[in-house]
Amino acid sequence: MLIALIARDKPGALQIRLDTRDAHVAYLKSSDAVSQAGPLLNEAGEMCGSLVVLDVEDMDAARAWAGADPYAHADLFESVELIPWKKVI
C-alpha cells in the first residue's frame, strides 16, 4: 500500500529542521518503507515541509513510521497527513 505523508513545518522552525536533518535523512535511508522522499519548499526556496511516499502494509505501519521519524521527535511539524496514494505514472 502506498501512503503519501505530507507534513508542514511549524512557522519559524527552519532551524529545528536543519538541526535534525542528518538524523531524519539517516532514518529515510535505513527504512525499507520509503519509496521516495524530499522537502517541500516555500516561495523563497527554503525547506518548509516534507513529502514522503511510503510503501507499507497498512495505515498503522505508516503511522508507526511517521511517529518514529526524528522530525516528529523534534516536534517540527505543524501538521501531518497520511493519505493513501495510487501511482499512475
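Which residue forms a salt bridge with Arg63? The partner is Asp60, with the closest N and O atoms 2.9 Å apart. The model is predicted: local features need pLDDT of at least 70, side-chain atom pairs count only at pLDDT 80 or more, and totals for chains, interfaces and linings use all residues. Residues are numbered from 1 along each chain as its sequence is written, and side-chain values use heavy atoms, leaving out hydrogens and water.

**Helix H2**

- Helix H2 spans residues 59-68 (helices are DSSP runs of H or I with at least four residues, strands are runs of E with at least two, numbered from the N terminus).
- Met59, Ala62, Trp65 and Ala66 of H2 are buried (buried is under 20% relative accessible area, exposed over 50%, partly exposed in between, with a 1.4 Å probe and protein chains only).
- Asp60 and Ala64 are exposed on the face turned away from the buried side.
- At the N-terminal end, Asp58 caps H2 with a side-chain oxygen 3.2 Å from the backbone nitrogen of Asp60.

**Salt bridges**

- The whole structure has 3 salt bridges (a side-chain nitrogen of Lys or Arg within 4 Å of a carboxyl oxygen of Asp or Glu).
- Asp60 and Arg63 are 3 residues apart in H2, so about one helical turn separates them.
- Asp9 and Arg17 pair at 2.7 Å, N to O; Asp9 is buried at 9% relative accessibility, and Arg17 is buried at 1%.
- Lys10 and Asp75 pair at 2.6 Å, N to O, and link distant parts of the chain, 65 residues apart.

Definitions and conventions
A polar contact is a pair of N or O atoms within 3.5 Å; within protein, one must be able to donate a hydrogen and the other to accept it, and residues adjacent in sequence count only if both atoms are side-chain atoms.
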